[in-house]
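Have the sequence and the 3D view ready as you read.

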Amino acid sequence: MAVFKVKFTKTKRDKLAQILWILNWVSVATGVILFSLGLFLKIEIKKRSEVMAKGEINSVPNMLISVGVIACIINFLGGKICYDCSDTTKFSRWRLVMLPYIVCTFCFTFCILVGALMCYTMRNELEESLYLGLRDAIKFYKDTDIPGRCFLKKTIDLLQIGFQCCGNNGFRDWFEIQWISVRYLNMASKEVLDRLKSNVDGKFLVDGVPFSCCNPNSPRPCIQYHLTNNTAHYNYDFLMEELNIWMKGCRQALLDYYTDIMRSIGLTVLIIWLFEISVLIGVRYLQTAMKNVLLLGDPECESDGWLLENSFVETAKYNFSIIKNLGKANQISTVSEMNDPNMDVQTANYGPDNVQSKSIPTAS
C-alpha cells in the first residue's frame, strides 16, 4: 500500500510543477547562503589562526562551502526538470533521470543536516585548538625580535583589548611565563639577577601582566605589576580588591564568540535543511504522479502520487533483500568458479570435425 497517497488532476500537477520550479530557484539562493556562511566562518577562523593550533576546525566551513556549491548545481537541475514536468512529452525524457535525481538529492539533504549538527559539535575541538594556540602564542609574546614570532605581541595585545580578556585561562597565566624580553632587562640590577637566579629555569617571572590586560573602565589607574603584593600599592588588598584588569581568559572569550557564530549558522543551516526536505517531498510527488500518467496513457487524466509505493517496512525489506541477494550472487559466482566440474578438464584431441578414421585392413 502506497504511503501518503494523493490524487492529482492535470491542473494540480501543473501548479505543483510551477511551484516546485520557483522553489528550486529559491533553493539555488539557499545554496549561495550556505556557501557564504561557510566562507564567512572560514575567514573568521583565519583572522585568529595565529592563536589557534592546527586541527580539524576548518572541517565545518569547508563542509558548508562544498554543500553550498552542490546545492546550486542540484537545484538548478531540479528547476529545469520541474519546468519540463508541466508537459508530458518533455517529462518523458526526464523519466529515467528523476528517480536517481531524487536519491542523490536525498543524500545531499542528509549532508546539509550533518553540516548543521557539526556546527553544534565543533565546540570541543575549537576549545582544544584555542587552548594550545593561545598557550604557545603567550609563551612567545616576548620574542619581538625573532622572525616568525615578532607579530605575536601585537596579536595578543589587540586580542586582549578587543575581547576584554587576559591570558589563556586568566590573568595568572602571565605569572608563569617570562613575557618580558631579555633585551629590556637591566642585567646590572641586583633585583633582576636575584629573580633570574631564584627560578630553576632561569626565567624572569613577575606577578604582573601586559598593559593590554588593563580595564579602562576602572576608576583606579591600572595596576599591572606586583598584583599580589599588597604593600606595593596604597590602599590595596589583592584578595579583597576588585582588580582593574580583565578577569576573563581569552580562551573563554574567543570560545563564546565562536560559539555564538556557530549556533547562528547551525540554526540557519537547519532551516535550510527543512526547506530542502519539503522541496524534495514535492518533487517525489510530482515524479510519481507523472509516472502514473505515462502508464495510463492519458495526459488529461487524474493520477496518484505518493512518497513510497509500499509501506516503510515493505520498502526496507525489499531494499534489504536486494542487498542480500547481491551479496549471495557474488558469493555463488565465486564458489561456482572454484567448484565448476567443467574447469581444468582435459579435452580430447579431436572433435566432430576431426574424428579419427578407422583404419582399412589391407589384403595380405
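Lysine 248 is partly exposed, with 41% relative accessible area (buried means under 20%, exposed over 50%, and partly exposed in between, using a 1.4 Å probe and protein chains only). Its partner in a salt bridge is aspartate 256, at 3.6 Å from N to O; a salt bridge here is a side-chain nitrogen of Lys or Arg within 4 Å of a carboxyl oxygen of Asp or Glu. Aspartate 256 is partly exposed too, at 27%.

Before going on, know that this is a predicted model: local features need pLDDT of at least 70, side-chain atom pairs count only at pLDDT 80 or more, and totals for chains, interfaces and linings use all residues. Residues are numbered from 1 along each chain as its sequence is written, and side-chain values use heavy atoms, leaving out hydrogens and water.

**A pair within a helix**
- Aspartate 136 and lysine 139 join in a salt bridge of 3.9 Å, N to O.
- They sit 3 residues apart in helix α5 (residues 123-139), so about one helical turn separates them; helices are DSSP runs of H or I with at least four residues, numbered from the N terminus.
- Aspartate 136 is partly exposed at 27%, and lysine 139 is partly exposed at 40%.

- Lysine 142 and aspartate 143 form a salt bridge, with their closest N and O atoms 3.7 Å apart.
- Aspartate 143 is buried at 8% relative accessible area, whereas lysine 142 is partly exposed at 23%.

**The wider picture**
- Glu44, Lys47 and Arg48 are linked in a salt-bridge network.
- The structure holds 14 salt bridges.

Terms used. Helix = DSSP H or I, 4+ residues; strand = E, 2+ residues; numbered from the N terminus.
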